[in-house]
There are 2 protein chains.
Amino acid sequence: MTDTLTPELEAVVARAATAAPAFAATTPETRARALVAIADALEDAKTRLVTIAMRETGLTEARLTGEVTRTAVQLRLFADTLVDGGYLDARIDPADPDFALGVRPDIRRTHLPVGPVINFSASNFPFAFSVMGGDSAAILAAGCPLIVKAHSGHPELSDATAEVATAALTATGMPDGTFQLIHGREAGVAVLTDPRIKAGAFTGSIAVGRLLADIAASRPAPIPFYGELGSVNPVFITADAITERATEIASGFLTSVSGSAGQLCTKPGFVFVPAGTELPAAIQTAAGTSDLPEHRLLDPRIARSFDERRTTILNAPGVTAVLPGSIRFDDAGHGWATPTIVSVSLDAFRTSAADLVEEAFGPLSILVETPAGTDLAALMPEFYEGNLTGTLHLSTAEATGTTANTTELRALVAALSQQVGRVLFNGWSTGVAVTPAQQHGGPWPATTNDTSTSVGTAAISRFMRPVAYQNAPQAFLPAALQDTNPAGIPQAIAPAGESHTWGTRWH
Amino acid sequence: MTDTLTPELEAVVARAATAAPAFAATTPETRARALVAIADALEDAKTRLVTIAMRETGLTEARLTGEVTRTAVQLRLFADTLVDGGYLDARIDPADPDFALGVRPDIRRTHLPVGPVINFSASNFPFAFSVMGGDSAAILAAGCPLIVKAHSGHPELSDATAEVATAALTATGMPDGTFQLIHGREAGVAVLTDPRIKAGAFTGSIAVGRLLADIAASRPAPIPFYGELGSVNPVFITADAITERATEIASGFLTSVSGSAGQLCTKPGFVFVPAGTELPAAIQTAAGTSDLPEHRLLDPRIARSFDERRTTILNAPGVTAVLPGSIRFDDAGHGWATPTIVSVSLDAFRTSAADLVEEAFGPLSILVETPAGTDLAALMPEFYEGNLTGTLHLSTAEATGTTANTTELRALVAALSQQVGRVLFNGWSTGVAVTPAQQHGGPWPATTNDTSTSVGTAAISRFMRPVAYQNAPQAFLPAALQDTNPAGIPQAIAPAGESHTWGTRWH
């Protein structure tokens, strides 16, 4: 069991495994207080943490400060989620001696933490998807010991964040081993393969995500692996929407593509627009009037990769630069970029698909000009399997669902609903609201598992497992399933005798 | 996309893919009526279907007749689940212009069918886990086109059931391609690897389940695979429970082990009892007074495999026969068995673990006699990773949670909760109630994925995927998320401004 782990990693996994039953036994309110303590501590340490993050990631102070707030809000949101208790999906089916299939026992079902989880953190959100980011908040909220594999892009920040979080967890009395940080991909893989680890989470590239998902699936005892990978986030804009508000759309688009130097998994990578609209000109006007400053890319590797993708795209047959943009490298090897926007006809896009469809991680987007009569609903599957988001921009009249093209638009919405995790209207996909109804996760290759979300409170279900209790004495039931319901959580109690009428309404 | 499929299978998958959007667009009430129509049609054809099933499986008329009823009940239960709508987990977070992280858009989230699904049916439940069994009911309820790979153990029954179901689906206006039946493992594997298939379900052996799960995970686009595999279903009985009601426990145990010739995934395979109790004698008495008839095993392969396991177990060092039982083969190669019960000390069980721990699929169970002071909570992980069920028999006093050993019993319940999907008290694990709170699925190798159930209404979530809509006009929202809520389903609507108070309760 321990032969693949170094002594140091063996100690890490052993501490997590030892913490598991004690942490699982904490009350939701206890864990809520621990999460809020971490949130408070991160905000108290904000100035120091942001200074380290700026140096390690090149992201701006405004962006990073906002990200600390978001990270704290996420932790506090999970605190409330925990105490509200709906996430437990507590179900109680009373016994029924007269049931059609014979005596029906008393059955009660809730969700329990799966056990120790490893979370591979992301580079592009050094707070919100890193050491104490959304996945970590969900894992701790669920009651699972957490091992974070730090991202190599911000090791010092990871250590500093871990120190802050550990102090808060200790101060609130959480068991030793509730949270630990490790460094290095090999260490992460070794931990992922250990039988005491019961689930994995990841935010990053398709290549690494697939590698880790395959490792998780091929363990002697396979475990769920929740990877959030790549996405090109298609946008569809109608001719009437452009006629109605070209300037507003152009400027929103540019902001979305250039924010955080385009290094967001929700950056709009492809925009399908009717051929011959004024949108390209409006984009040029918007770029000319606003200031498009250079942004540093996260690290030299990402910058070189973006430089290569940008050159390939600009040189592909049929591609026209709407905004050529730029990239330059400083003495430290860091790349500094301004946004590149190109356009291409649908025909040329098809011909050059090999050069164009792959995600360009950085400030670049491709307008694809579609001829009249194009079946928009059939378009994305031609090029791309799954995405985190899909967006529609409609005119005010089209939004009422009473225009001549309503059927066509509904078909497009239905198609996008099958292809993405979040469908947006008249907005931009960057900036993922942290709310109970959020869904951040779509079909492969957007994620390795599209049955859950990595943002929002529903993420807690990733790290829990349903367990039913049959004819259990009250003294041996989890609190969530007891008749006295001490924490007052929502219990779905089937009415007595309801099972005798199943299906009778539908003849 | 089609190069691995024969023309016949290509047609099957193409029909399912074509049916997907049309079937997904049916209303829950429409699908409810279709499920009830199938239930009615199966009950109308009961006599004919049971006759075929008796010949193909050797199971008794009483068992098979009851199983048709259970299958119909399952379909009807899903009909009600559909129309109640809680399974959609509809969430509405209203827009909030003053949110801490900036303007929060309107976000609404529901669940949509994943698309075509293949279900590999089981041999031991020719109705309830076969062509129109629980997985199939959940898949159709979710709105996913269904392809069933028939089990080779009952091909004629599979065809007859499919004919009945197809007629009901056609009569209720479901799209062509909503349900199709295929035969042969190679055909099943070919369909499972097709990119148009979005999930897989399976009930059967660990070896085949693992093979199929690995295929699903290693596809270019991986898909979820829900396999229900093997289980030994540990039972723990306290000394006081035996003192209180040895006769009742012995006779319940014998019934559970011998029913359906022990060919149930929930058969109690291991019973941990304190050394030196009267339980073995009580079992012999119960066997002597009741009639233990011979039962035919499902097919010659299963019978030969059981014969081999039984011989290995009877000959293992330290094993004593409580009831030796028997197996004989008829001229057609069918095996006929009576129950075998053995006992072994915990020490001998440890020594002979290699011979003893593997599931014996048939009427056999092993009593393991534990010395005083054994740490029962630590026992199962020594031998077995995950199980469908775990059972405790307590005395009346112990059930109150006020005896000297309560702490120890609570620790055992907590340990079982981590190791199984259903924890039972003072009952037997065979006979899985079909209810909303049921959980049939536990950690590997009980299942390939323990985050859901294969019995009960929660199974529908396996075949759905969450999708969020941001700032969507009412005209483009799914019915479940519209303000007018035409079907009256439960919507979790966040109160205005609630997000401003997140976490403030927990300082």
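Buried area is the accessible area that two parts lose on being put together, summed over both. The model is predicted.

**View 1. The two domains of chain A.** Domain 1 of chain A spans 7–229 + 452–464, and domain 2 of chain A spans 235–425. Their centres, taken over C-alpha atoms, lie 33 Å apart.

**View 2. Where domain 1 of chain A meets domain 2 of chain A.** About 910 Å² is buried between the two domains, 56% of it on carbon and sulfur atoms. On the domain 1 side, Gly58(A), Asn124(A) and Glu228(A) lose the most area, together 36% of what that side buries. Contacts link 14 residues of domain 1 to 12 residues of domain 2. There are 3 residue pairs in polar contact, and 0 salt bridges. Helix α3 (residues 46–57) of chain A gives the largest share of the domain 1 side, 4 residues. That side divides into 5 nonpolar, 5 polar and 4 charged residues.

**View 3. The interface of chain B and chain A.** Here 91 residues of chain B touch 91 residues of chain A. The buried area is about 7300 Å², with 58% from carbon and sulfur atoms. Polar contacts join 40 residue pairs. On the chain B side, helix α4 (residues 61–84) supplies the largest share, 9 residues. By class, the chain B side holds 47 nonpolar, 22 polar and 22 charged residues.

**View 4. A salt bridge between the chains.** The interface of chain B and chain A has 2 salt bridges. One of them pairs the side chains of Arg465(B) and Asp450(A), at 3.8 Å from N to O.

View 5. Strand β17 (residues 420–425) of chain A runs parallel to strand β18 (residues 464–470) of chain B, joined by 3 bridges. Arg422(A) stands opposite Ala468(B).

Conventions
Residues are numbered from 1 along each chain as its sequence is written. Chains are lettered from A and ligands numbered from 1 in the order in which they are written. This is a predicted model: local features need pLDDT of at least 70, side-chain atom pairs count only at pLDDT 80 or more; totals for chains, interfaces and linings use all residues. Side-chain values use heavy atoms; hydrogens and water are left out. Domain bounds come from an automatic or database domain assignment. Contact means heavy atoms within 4.5 Å. Buried area is the accessible area (1.4 Å probe) that two parts lose on being put together, summed over both. A salt bridge is a side-chain nitrogen of Lys or Arg within 4 Å of a carboxyl oxygen of Asp or Glu. A polar contact is a pair of N or O atoms within 3.5 Å; within protein, one must be able to donate a hydrogen and the other to accept it, and residues adjacent in sequence count only if both atoms are side-chain atoms. Helices (H or I, at least four residues) and strands (E, at least two) are DSSP runs, numbered from the N terminus. Ala, Val, Leu, Ile, Met, Phe, Trp, Tyr, Cys and Pro count as nonpolar, Asp, Glu, Lys and Arg as charged, and the others, Gly among them, as polar. Two strands pair if DSSP finds at least two bridges between them.
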